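Q: Could you take me through this structure feature by feature, giving the general idea before the particular case?

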Amino acid sequence: MKRKLIAFVLAIATISCLLTSCGHEHSYDQKKIITPATCLAAGKMELSCSCGEAITRTIPKAHVWSESYCGELQTCTIDGCGETRTNPSVHSLDYSSRTCKNCSRPAIIVNLPEGESEVTLYNSKNAVVTSLMVTVTECTYTADSITITWSARKTSNGADLHDALTPTVISYKLVDSDGFVVSSGSDDASAIAVDDKVRDLTFTITRLTLWESYTLQFADVYNISI
Ligand SMILES: [Zn+2]
Ligand SMILES: [Zn+2]
Ligand SMILES: [Zn+2]
């Protein structure tokens, strides 16, 4: 009789063990989106435990925001919605990649002139001394500085021989997103013949503000005294 009871208890224990996974508490930490939510309809997701047990849950209706950098405008991408908002995320710098961990924006954006830029130098009589085509050939960043290398090719000289011998100075300025000049400078490129290439010139601009956008401009230099 006692043996029968033990067998019965064991059988019950085995069955309940099978039903409840032996007291193992399910941990539904694997999430699979079955239908994503939109602002028009709720979505559905499946949550599963490592034992294979799964439950489905409803995802509440929500706008589907376009990608944007932190703090910038986003638009709902669902047809006909048109809702907008300011992306509520805040930039957080990842030092190794120098990008934002939340939105992948580069820490500093510098808009460089594309292709060749024409730079014209004038003398004190406003006559063209020389023209150059300048190209940015390399640009490297740290978290708060930028190093730019450019090369230049002379395309024309002034008619006056004296003008042609004038030292060639190429100047640049870096303008922030509000239009303020944050850095400017010039580099000397010795007088060379038309079609010759000026040696590569490199300059570094430091202490730039994180998350700012800058634009590099090559400036024409006026009124070189000769
Ligand atoms: Zn489980
Ligand atoms: Zn929407
Ligand atoms: Zn960000």
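The dialogue below goes from the whole protein to a single sheet.

Q: What should I know about the model and its numbering?
A: This is a predicted model, in which local features need pLDDT of at least 70 and side-chain atom pairs count only at pLDDT 80 or more, while totals for chains, interfaces and linings use all residues. Residues are numbered from 1 along each chain as its sequence is written, and chains are lettered from A and ligands numbered from 1 in the order in which they are written.

Q: How many helices and strands does the protein have?
A: Both are DSSP runs numbered from the N terminus, helices being H or I of at least four residues and strands E of at least two; the protein has two helices and 16 strands.

Q: What percentage of the residues is buried?
A: A residue is buried if 20 or more other C-beta atoms, placed from the backbone, lie within 10 Å of its own; here buried residues make up 12% of the 226 residues. In strand 1 (residues 30-35), the count of buried residues among its six residues is zero.

Q: Which way does strand 2 run relative to strand 1?
A: Two strands pair if DSSP finds at least two bridges between them, and strand 1 is joined to strand 2 (residues 43-48) by five bridges, the two running antiparallel. Within strand 2, Lys44 is the bridge partner of Thr35, and Leu47 is that of Lys31.

Q: What is the order of strands in the sheet?
A: The order is 1-2-3 in an open sheet of three strands with antiparallel pairing. Strand 1 and strand 3 (54-59) are the edge strands, each pairing on one side only.
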